[in-house]
Number of protein chains: 2
Amino acid sequence: MTTPWQQRYSQRMKWMGSSIIRELLKLTEKPDIISFAGGLPAPEVFPVKEFEAATQQVLAEHGSRALQYGTTEGYGPLREYIVRRMSRYGIEAEPENVLITSGSQQALDLIGKILINPGDLILTEQPTYVGAIQAWRAYQAEFATVPIDDEGLRTDLLEEALCAGPKFMYILPNFQNPAGVTLSLKRRMKLLEIADRYGIPIIEDDPYGQLRYEGDHLPSLVALDAQKLNGRGVSGNGMGFFRGNVIYLSTFSKTLAPGLRLGWVVAPKEVIKRCVMGKQGMDLHTSTFVQMVAYEVIKDGFLDEHVRHIRRVYRERRDVMLAAMERYFPPEVHWTIPAGGLFLWITLPESLNTTQLLEKAVENKVAYVPGSAFDPAGDSLNTARLNFSNARPENIELGIKRLGQVFETAIQQGLTRETSPIVTDVQLLGVN
Amino acid sequence: MTTPWQQRYSQRMKWMGSSIIRELLKLTEKPDIISFAGGLPAPEVFPVKEFEAATQQVLAEHGSRALQYGTTEGYGPLREYIVRRMSRYGIEAEPENVLITSGSQQALDLIGKILINPGDLILTEQPTYVGAIQAWRAYQAEFATVPIDDEGLRTDLLEEALCAGPKFMYILPNFQNPAGVTLSLKRRMKLLEIADRYGIPIIEDDPYGQLRYEGDHLPSLVALDAQKLNGRGVSGNGMGFFRGNVIYLSTFSKTLAPGLRLGWVVAPKEVIKRCVMGKQGMDLHTSTFVQMVAYEVIKDGFLDEHVRHIRRVYRERRDVMLAAMERYFPPEVHWTIPAGGLFLWITLPESLNTTQLLEKAVENKVAYVPGSAFDPAGDSLNTARLNFSNARPENIELGIKRLGQVFETAIQQGLTRETSPIVTDVQLLGVN
């Protein structure tokens, strides 16, 4: 069966062969599987009552406006709210530095649209957010990576990687997706210093920054970069804070509700203007109704209280997962200990392949995301991402127990294989 | 003032210099201007009460689901509703042929993403929808055009244009934006026959099809194309109806509310799969909340009643505008008489330039869109689009009166200039 369209797909479609996020979301739909695969918030924490009150308020008072076309930049009061909230975290922006997007994913697509030419090199952490890889491959970007450790990006390896001449760096400094690690303050300073020296700007993606369960908030790259500029006396010229090296992305998906599809970009005004031109052709604007309802929910301080609640719930789940891993995982498995966010990262012995093991895991009614999905080169074969925000504590315990059994068996078989490499090779050669 | 980003914009940004839709939306914001510029529905017809009831229902019954991530394809019951509704209009699809998009504009962007390589030629009507030009220029498409007349696309000129080898044709058959004309049944058949013979597929954009004020509904291109295929006995193979030459786009923006940003694509399943991969990288999925609320509003037949109401309101406004034009426009101005939709198209004497005249119009507190915005080549300088759905009847009358005065004055001055061409040339050469 062919259609006239099959011979007509664009070159960029060749990058879209595997749709990992989607297949994973499908796994999570089977009710008997305990899934650590998705990146879903806990539905129990959604502020449904507050949304009921807010939608009534918005429709009763501004119904016609909420259902009408709006401006591409976004709903004015929401942009102002975002500016006020970010200033608490040291990000000094004006509303003209903020563009509302249809989730952070759209911000990534938009950045691809305004910045990436085919063949451009993008430098990311290894591993990095799979949605960014997917968005930018559609613009025929190439990727270079720098490994991470428990303090985030290995800045000691950064300069070597920059020699390849990336167009920009893409960094998730807080409770990184997928690995859960946080970039230390020292490395943030080092990263900015190197970025400045080599003239390579940064996309800072910060969906989880407010979901910190322990330790102190670390200043974002965009705030640190602005301080550096101020130190040189180039601010205070009425052009706003943002003329520096960092574009900052965030979202309401993890603090309010992902089903809204509501995120934002913070950038120099000139970049925001380009983004607005790009977004016009993409969806004209983000749903007015959604923007006005979200603003109504959060405008009087609700988000503070709600984020505290989410932190309590997710911290408990993280702790349950970490304790269960101590108890049920074989000693050969290592994992990160995230100070916030939704994910942690496990590393199995080199000989094991988590993509192959996923089939076994699903047979045992538990799921995760193989780490290779988050590696632009498709490596990191012995790693996996676990989400701890979505499942209830009792299920986390049970799911980790199941996973421990899968790993235990695999390691035993793997060790057996390692002790008989010749037989394995023979099998591989098809002799047996 | 420069930023590190300025030297980094992608090649496609060079196409984004003028952002016509956005500038126009800004014009419409000044309260003392009677604007025929935007493409806005009348806010008075928005079903605010129904949205109030539906949001309460959705949040009370399915709150957690409405605020959670969803699948990229869209909310199942909404896809099924769209299938049922389209079948009334002879479009026989299955839910797997339907992808929910964040407005029709996203469908255009998505088509660019999956189909257009830099330099690809797209064939459009002249004039055509400015949002399609904008979306596809970002993919570095080139454009060829075929003029329209009162029966729509001049199919007698089509074959010549097809010799340039366009990748696909983009057609708005019903009450076309911007010109308001409708493609006759005879020409629909001719268009499909030529498309088939030359092997050039069609994107059919139908945002206004249900807003017909007189005459009978004409079958859509996608339905006629499927009939043709059936006639050859290639259907009934369990693959669904859609393996033909036409991808069909529509939206709830004009029948329900544009502030939702809710549209859909109908295509062969294999094309939908590609679209899903593309959309994942663009915004993961369209707002679950918006999809569920819209479905709740329309699921029990409300849309029929509501569309009848909209038709009454817009037909009256169209009639008021047409009568006022008869009364106030100078005899040198010609216009189309739309049988539906939101727009009509005016043509001034060749010597006049509607972009230059827009300044005069705004001085006189009335606005329109210069026709060149809708022409990929930037021609059609003596034309303009007028919207009749948004302003109230008394303001339509007054706005057309003001516009008549602007045109009257311009034609008088224009005629003067035509009688003294040598002087004008001298001025142009800078001698005077």
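I began with H9(A), which is mostly covered, with 12 of its 15 residues buried. I took a residue as buried if 20 or more other C-beta atoms lie within 10 Å of its own, as exposed if 12 or fewer do, and as partly exposed in between, with C-beta atoms placed from the backbone. Helices (H or I, at least four residues) and strands (E, at least two) are DSSP runs, numbered from the N terminus. The model is predicted: local features need pLDDT of at least 70, side-chain atom pairs count only at pLDDT 80 or more, and totals for chains, interfaces and linings use all residues. Residues are numbered from 1 along each chain as its sequence is written, and chains are lettered from A and ligands numbered from 1 in the order in which they are written.

**Helix H9 of chain A**

I listed buried residues of H9(A), among them Val271(A), Ile272(A), Arg274(A), Lys279(A) and Asp283(A). I then checked the length of H9(A), residues 269-283: at 1.5 Å a residue, its 15 residues should span 21 Å, and the end C-alpha atoms are 20 Å apart, which agrees. The expected span is 1.5 Å times one less than the number of residues. Just after H9(A), I noted a positive phi of about 65° at Leu284(A).

**The two chains**

I superposed chain A on chain B by a rotation of 180° with 0.0 Å of shift along its axis, at an RMSD of 0.0 Å. The two copies are thus related as by a two-fold rotation axis. The superposition is by least squares on the C-alpha atoms of residues with pLDDT of at least 70 in both.

For the contact, I counted 76 residues from chain A and 76 residues from chain B; two residues are in contact if their C-beta atoms, placed from the backbone, lie within 7 Å. On the side of chain A that touches chain B, helices H1 (20-27), H2 (48-67), H4 (103-115), H5 (130-137), H9 and H10 (288-298) each supply at least two residues. By class, this side has 35 nonpolar, 29 polar and 12 charged residues. Here Ala, Val, Leu, Ile, Met, Phe, Trp, Tyr, Cys and Pro count as nonpolar, Asp, Glu, Lys and Arg as charged, and the others, Gly among them, as polar. I found that 100% of the interface residues of chain A are also interface residues in chain B, so the copies meet through the same surface.

**Strand E3 of chain A**

E3(A), residues 121-126, is mostly covered, with 5 of its 6 residues buried. I traced 6 bridges from E3(A) to the parallel strand E4(A), residues 142-149; two strands pair if DSSP finds at least two bridges between them. Leu123(A) stands opposite Ala144(A) in E4(A). The chain crosses from E3(A) through H5(A) to E4(A) in a right-handed β-α-β crossover, meaning that, with the strands pointing away from the viewer, the path from the first strand over the helix to the second runs clockwise. I also traced 3 bridges from E3(A) to the parallel strand E6(A), residues 168-171, where Phe168(A) is the bridge partner of Ile122(A).

**Strand E14 of chain A**

In E14(A), residues 383-387, I found 5 of the 5 residues buried. Thr383(A), Arg385(A) and Asn387(A) point one way, and Ala384(A) and Leu386(A) the other way. Strand E11(A), residues 343-347, runs antiparallel to E14(A) and is joined to it by 5 bridges, with Trp345(A) and Arg385(A) as bridge partners.
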